[in-house]
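The entries follow the order in which I went through them.

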Amino acid sequence: PIPLCALPPTTKQWYQRRVHGELTTNNNRGNTNNNFKMPNIKLTYFDLRARAEPCRLLLAYGGIKYEDDRIPPPWDAATTWPTLKPTTPFGQLPLLKWDDEVLCQSMACARFIAREVGLAGNTNMESAQVDEIIDVIQDLINAGVKLFFAKDEAGMKKHAEVTVPTTLGQLEKKLASRGGQYFVGNNFSWADLHTFMYISDLPGKSALDGFPKLANLVDRVANIPNIKKWVETRPVTAM
């Protein structure tokens, strides 16, 4: 379980209610639901961090047990992807099975888990502010992936030397404008976790030179017990 001292107040309250089976709906607010049952969860993806890592980090943060189903990546001779692909809803991974429901699309899966673990914002505005930061990070990821698979050396160089530092500077300014500790609502959210994920995967230790607030945020997220444990024990993969 997550040490409650590691969680912001609103998440502490949510987590305490969650583990004690006391979450309520609008129709039974104030009543205790003692029949709460942990869902049966399976996350299927390639044996890579890549598009499934947002979900894995969120599940780790929430202390939620799940089956981490990994298959060899498409370029591996041992891959089962050609057989599995036609059975998926959109011919893509990851797939998130949550009891009897199956979700596809990595960001839809992650956003759902973020709501489940209390990291998606406490109001509609906060949820939009979380999504704002997520989308900034996703723009960086998608641009980098496109250049990598296109083997565009000049484009990758410009991305690393211009686009990434420019965007980190913008994120530093946004973080400062929100109080300097967290991106949204002065509470830890998926926006902070996703930023940690991206920056942690950047090559070299100099990426955060000149961005002290981002560096401090990344360090604090890295030391959240459940995140720290996951990062230290997860399978080592190329990407």
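Which residues line the second largest cavity? Working from a predicted model, I listed Arg-49, Glu-53, Leu-57, Phe-196, Met-197, Ser-200, Asp-201, Val-231 and Arg-234 as its lining. I noted a volume of about 50 Å³ for this second largest cavity, and the search of the whole structure that turned it up finds 2 cavities of 30 Å³ or more. When I sorted the lining by class, the residues of the second largest cavity came out as 4 nonpolar, 1 polar and 4 charged. I then asked which elements take part, and found that α2 and α7 each supply at least two residues of this lining, with α7 giving the most, namely 3 residues.

Entry on the largest pocket. I put down about 1300 Å³ for the space in the largest pocket. Its lining comprises 41 residues, of which Ala-50, Ile-141, Gly-144, Val-145 and Met-239 are the closest to the centre of the pocket. The elements that contribute two or more residues to this lining are β1 (41-46), α2, α4 (106-116), α5 (124-149), α6 (153-177) and α7 (190-200), and the largest share, 8 residues, comes from α5. By class I recorded 29 nonpolar, 8 polar and 4 charged residues in the lining of the largest pocket.

Entry on α2 and α9. Helix α2 (residues 53-62) packs against helix α9 (residues 225-233) at an angle of about 130°, and the two axes lie 7 Å apart. The pair is therefore oblique, α2 to α9, and I noted their crossing as right-handed. On the α2 side the contact is made by Glu-53, Arg-56, Leu-57, Ala-60, Tyr-61 and Gly-62, which meet Asn-226, Ile-227, Trp-230 and Val-231 of α9. Sorted by class, this contact of α2 with α9 has 6 nonpolar, 2 polar and 2 charged residues. Going back to the cavity, I found Glu-53, Leu-57 and Val-231 among the residues of its lining, and I had met these names in the contact of α2 with α9.

Entry on α7 and α8. For α7 I looked up the packing with helix α8 (residues 212-222), where the axes come within 9 Å and cross at roughly 100°. That angle makes α7 roughly perpendicular to α8. From α7, Asp-192, Leu-193, Thr-195, Phe-196, Ile-199 and Ser-200 meet Leu-214, Leu-217, Val-218, Val-221 and Ala-222 in α8. I counted this contact by class as 8 nonpolar, 2 polar and 1 charged. Phe-196 and Ser-200, listed in this contact, are also among the lining of the second largest cavity.

Entry on the backbone. Most residues other than glycine have a negative phi, and most peptide bonds are trans. With that in mind I noted the peptide bond from Leu-93 to Pro-94, which is cis with omega near 10°; Pro-94 lies in the loop between α3 (81-84) and β3 (95-98). I also noted Asp-99, whose phi is positive at about 55° although this residue is not a glycine, and I placed Asp-99 in the loop between β3 and β4 (101-104).

Methods:
Residues are numbered from 1 along each chain as its sequence is written. This is a predicted model: local features need pLDDT of at least 70, side-chain atom pairs count only at pLDDT 80 or more; totals for chains, interfaces and linings use all residues. Side-chain values use heavy atoms; hydrogens and water are left out. Axes are lines fitted to C-alpha atoms, for helices over the stretch in contact, and angles run from 0 to 180 degrees between N-to-C directions. Helices (H or I, at least four residues) and strands (E, at least two) are DSSP runs, numbered from the N terminus. Angles under 35 degrees count as roughly parallel, over 145 as roughly antiparallel, 65 to 115 as roughly perpendicular and the rest as oblique. A crossing is left-handed if the near helix is turned anticlockwise from the far one by less than a right angle, and right-handed if clockwise. Contact means heavy atoms within 4.5 Å. Ala, Val, Leu, Ile, Met, Phe, Trp, Tyr, Cys and Pro count as nonpolar, Asp, Glu, Lys and Arg as charged, and the others, Gly among them, as polar. On a 1 Å grid over the protein atoms alone, a cavity is a set of points where a 1.4 Å probe fits but cannot get out, and a pocket is an open set with protein on both sides within 12 Å along at least five of seven lines; lining residues have an atom within 4 Å of a point. Grid points are joined across faces, edges and corners, and a volume is the space filled by probe spheres set on the points.
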